[in-house]
Amino acid sequence: MEDYRLGQQNRRREYYGRFSAAEMDRRREAVREMMVSEGLDALVICGDAGFGGTHISYLTNYSPPFVSYFVFFRDPEANSLLLAGLSNHKQYVREVSEADDVDVMLPDPMQSVATRLEAGGVGDGTVGLVGHHPRYKQSLSYEQYDALEDAFAGELVDATVPFIHVVSRRSEPELERIRRAAALTDKGLETIADAAEPGVRETELQDALTRTYLETDGALGMAFITSAPMNDAEPGEPLPWHKPSKRKLQSGDVITTEMSASFAGYRSQVHRTFTVGTEPSDQYVDMWTVAKETYDAMLDAVQPGNTVADVHAALEPLEASPYKLYDVALHGYGSGYLPPYVGTSASNYWPGAEDPVTEDWTFEAGMVVVVQPNVVTTEERHGLQLGSAVIVTDDGPEVLQQYPLSIQQV
């Protein structure tokens, strides 16, 4: 059947936000410089709605909702190819993306990739594979890798780490979107504080957040909202659970929050703690004091030229306390959950699992990280959240969240 859909641009295209041509050219040039340094003739980027989708959107302006592939060449004269998941998404992807050509995955995505590599003049060249997430070793499935290896005569190498280094250096247009997202996270905390009172369920707090973002140009990313008795919690109960429950707030509770909001595809994240109907107990004041001292030391360490070892050394106030770190203390952010990942051995982040990105990471101006020394008692009956998104600058860290750091009583 003849395809009439891509014969001309659809007028709906103008309603979708996009970066300037200069910004997209800057990104392509930065990626090509990396490819020259790494000896790569082309990239095959794999992504979906999870980690790797941000890698595809960086070069295409398209955030895939499920598995997609993007073929990109070092030679600017060779046409890129974006393989989208479903046929009925093809028109949308063509209009919103910056890819030279768009096609669908079926019937054989890896043959389509190999054919495009051949057409681009690298049929026997060196191709870098950019996967979802190097820490968790998520990339092409075994079946897809095997199929590509059979269809492509050249060399396949892992290029996820150098690609992430490029993505992590944010431009001013990107940072402006992240700042907008940060303002939305503060608005979300205000919503939680206004809605939280005895008798309200955790799920109702999330509902209030959702309604708040429906009234803005942003969107709710995630909302970990957990309540528990401040003085009589079960192990693990006061820590941020993946989804709010139907538990009703009670006077004397502590509420731990970890939430993100997004604006035009870019995100910020914030961690704060509330108490319900009463001031924080002495133990929570002590935990907050340790967390705040560690937070300040980490901010001092997040400077251009410093390494993750400098941030790890800044965790000393927490390490010397009777508490422990429950989560990663610092991670990259802005367009997804990104390296570097700095924590303690107890939290399985230092040295933790083998991490090919964090080990040699050096901070540069324009990078965005979340500083979050979230502490818990050793038996995990008590814990609090304290964290903010931060831009690394030559003049010191730019903390994006304006909401008070201290434990707020609601």
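The legends below describe close-up views of a predicted model. Local features are reported at pLDDT of at least 70 and side-chain atom pairs only at pLDDT 80 or more, whereas totals for chains, interfaces and linings use all residues. Residues are numbered from 1 along each chain as its sequence is written, and side-chain values use heavy atoms, with hydrogens and water left out.

View 1. A pocket is defined on a 1 Å grid over the protein atoms alone, as an open set of points where a 1.4 Å probe fits, with protein on both sides within 12 Å along at least five of seven lines; lining residues have an atom within 4 Å of a point. Grid points are joined across faces, edges and corners, and the volume is the space filled by probe spheres set on the points. Of the 31 lining residues, Ser57, Asn61, Ser63, Ala264 and Gly265 lie nearest the centre. Two or more residues each come from α2 (53-60), α3 (90-96), α7 (172-195), β7 (218-229) and β9 (266-275); helices (H or I, at least four residues) and strands (E, at least two) are DSSP runs, numbered from the N terminus. The largest share, 4 residues, is that of α2. By class the lining comprises 14 nonpolar, 11 polar and 6 charged residues, where Ala, Val, Leu, Ile, Met, Phe, Trp, Tyr, Cys and Pro count as nonpolar, Asp, Glu, Lys and Arg as charged, and the others, Gly among them, as polar.

**View 2. The second largest pocket.** This pocket holds about 590 Å³ of space. Its lining has 29 residues, with Met222, Phe224, Glu258, Gln269 and Tyr337 nearest the centre. The elements β7, β8 (253-263) and β9 each give two or more residues to this lining, and β7 supplies the largest share, 4 residues. The lining divides into 12 nonpolar, 13 polar and 4 charged residues.

**View 3. The hairpin of β11 and β12.** Strand β11 (residues 330-332) runs antiparallel to β12 and is joined to it by 3 bridges; strands pair if DSSP finds at least two bridges between them. Leu330 stands opposite Val342 in β12. Between the strands lie 5 residues, and Gly334 takes a positive phi near 120°. Strand β12 (residues 338-342) is largely enclosed by the rest of the structure, because 5 of its 5 residues are buried, that is, under 20% relative accessible area with a 1.4 Å probe, protein chains only.

**View 4. The open sheet β10-β14-β15.** The 3 strands of this sheet pair in the antiparallel sense. Its edge strands, β10 (323-325) and β15 (383-384), each pair on one side only. Strand β14 (residues 375-377) is linked to β15 over 2 bridges, and Val375 stands opposite Leu384 in β15.

**View 5. The largest nonpolar core.** A nonpolar core is a set of buried Ala, Val, Leu, Ile, Met, Phe, Trp, Tyr and Cys residues joined through side-chain atoms within 4.5 Å. This core has 34 residues, and Met298, Val311, Leu330, Phe363, Val371 and Leu384 have the most contacts inside it. At least two residues each come from α9 (282-301), α10 (308-313), β10 and β13 (368-371), and α9 gives the most, with 8 residues.

**View 6. The enclosed helix α6.** Helix α6 (residues 160-167) has 6 of its 8 residues buried, so it is largely enclosed by the rest of the structure. The buried residues are Thr160, Pro162, Phe163, Ile164, Val166 and Val167.

Key
Buried < 20%, exposed > 50% of the residue type's maximum accessible area, 1.4 Å probe, protein only.
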